[in-house]
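Hi,

Here is the structure I promised to pass on. Please load it first, then read my notes below.

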Amino acid sequence: MPDRLKAILEKIKEWWLKFTTKQKTLLISITAVVILALVILAVVMTKPTMVQLITCEDATQASSVKDLLDGNSIDYEVSSDGMTFSVNAKNQADANILLGSNSIPTNGFTIDDALSGSISTTEADKSKRYQVFLEDKFAKELENMDLIKSADVNLNIPEDDGTLVTRNQESYASVKLELNGEMSEDQAASLARYIATEIGNSSTDNITIIDSNSNLLFAGGEESTAIGTASTQLSYQTKKETQVKKAVTDVIKGTDLYDTIDVGLNLKLNFDQVTTNEKNYSAQGDRDEGLITHEDRYQSDSTGGTSGTPGTDSNGDGTTYVLPDGSTSESSITDDSIDRALDEKNTQTIGSVGDIEYDQSSISVTVARYVTYNEDTLKADGTLDNMTFDEFVTQNNNRVKGTVDQDLYTMVSNATGIPTSNISIVSYDIPMFEYSKGSGRGFQDYLQIILAVLIFALLGYVVFRSTRKEKETEIEPELSVESLLETTKQAEQEDLEDIGYNEKSEIRVLIEKFVDENPEAVASLLRNWLNEEWE
């Protein structure tokens, strides 16, 4: 690898040395310009396109917008006065929905756009154009969400004829969504709040959202109802049953005693909303009676009867006995009227909707545990001394009802709130049988091992053959002019026979053949000789 790299560097060096200094300078300049252009193009292409999101009315709203964008990791830019926020065009829909769901209207279709048009454009036409624009705008923003594949928005905006009645009327919105997955009730409520804010509604009462399968996602109404955003009592009960079943399953699974758990539930919910008014009176502080706010008192005393001087002075002539005193009577009348002030406490209790009536609810649980019987183990402990394993399977093939610890009833009751008297748990032991595997390896196992060995052996042979050096074939050197002349010289020294003019020896024939086949080489050789002799 280093030699190959070195060879590549050498080739690059040779290629570079072919150019003159002027060519090198020109090549470097062109390369630098191209790189700079690519960098500028990359910066321009990757620079986010910022669009204006909202111009806040005051610093309080600006602070709220900043906290929302920061909390949801949406990049933004702020103007020098801190009141105008701009976001990446790719995040505009998410930012609009975020602010709309928090009752903060974003910059959208302005009044200038709504009023633009020719002289022949009427107010009714402008209102329709504004409505169509809003429908398209909402649909596009919803489609930018990952969960929504497509959206269709229809608005019904009351015509403003200048009267107070029409001004107080709220718009209606119906939304149909084609989803890529499942949308939760909270997500649907957030979308409804966003749409209501954008069209100027004070509540989500007039907003309806469905999916392409005609499932109702949001049915209108505030999100803070007593039973959440569940559109029907049935869906709410289903949610509650799912929660209770999960609690039971988790508790039993935590014991690690059973392999399967099936929960049946009869959950009684009370959807009646009861309002109770209670009025209590009490005296102030430690007093036994309230403070007196008004008091009337009337009293009358009187005395009645015969009156005279005691003794005989008042008797007539001839009267010799003493008359007793006359009887008198006294009376006293008292009439009191007192008004007292007491502390009054009025209590109004509104019962929640959808509460579980635990005393009327019940749970049925079926649990099962797999009991495994291994043939080798049974042979080892002597169970199969008097029978075969097949006979053992026949005798023990039925599931057996087991006993359930009382603590399990208590655990389920504590997890759900349902009394133990309303809880039923049935346990079964289900037999599982494992036949002996012998040595654990069959013919197929050995066949796989043999095939694996053959494959590795073949791979080893291929690698060995590819790494072995082949013998280099010796190439006979070509016969050059110098060697021919040297041979001729040696032949003359060995007193070979003279070569006559008309006679052609084998060496002469070879020389003539070489001259005919390589005239350029012979000419070059002669020039070299002449140059050497001249020098």
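E135 is buried, with a relative accessible area of 16%. Keep in mind that this is a predicted model. The cut-off for buried is under 20%, so E135 qualifies. The residue sits in helix α6, which spans residues 123–143. Leaving aside residues up to four places away in sequence, E135 touches V153, N154 and L155.

**The nonpolar cores**

The largest nonpolar core has 27 residues. L142, I148, L177, M183, L191, I207 and I209 touch the most other members. At least two residues of this core come from each of α6, β4 (148–156), β5 (172–179), α8 (185–198), β6 (207–211) and β7 (216–218). The largest share, seven residues, is supplied by α8.

L191 has contacts with I97, L142, M145, I148, L177, M183 and I209, again not counting residues up to four places away in sequence. Another core, of 22 residues, lies apart from the largest one. Its members include L267, I356, I363 and L408.

**Helix α12**

L408 also belongs to helix α12 (residues 406–416), where L408, Y409, V412, S413 and T416 are buried. These five cover an arc of only 135° around the axis, so they fall on the same side of α12. The face turned away from that buried side carries D407 and N414, both exposed.

Now the two ends. D405 caps the N-terminal end of α12, with a side-chain oxygen 2.9 Å from the backbone nitrogen of D407. Just after the helix, G417 takes a positive phi of about 85°.

Best wishes

Note on methods: Residues are numbered from 1 along each chain as its sequence is written. This is a predicted model: local features need pLDDT of at least 70, side-chain atom pairs count only at pLDDT 80 or more; totals for chains, interfaces and linings use all residues. Side-chain values use heavy atoms; hydrogens and water are left out. Helices (H or I, at least four residues) and strands (E, at least two) are DSSP runs, numbered from the N terminus. Buried means under 20% relative accessible area, exposed over 50%, partly exposed in between (1.4 Å probe, protein chains only). Contact means heavy atoms within 4.5 Å. The arc is that of the directions from the helix axis to the C-beta atoms. A polar contact is a pair of N or O atoms within 3.5 Å; within protein, one must be able to donate a hydrogen and the other to accept it, and residues adjacent in sequence count only if both atoms are side-chain atoms. A nonpolar core is a set of buried Ala, Val, Leu, Ile, Met, Phe, Trp, Tyr and Cys residues joined through side-chain atoms within 4.5 Å.
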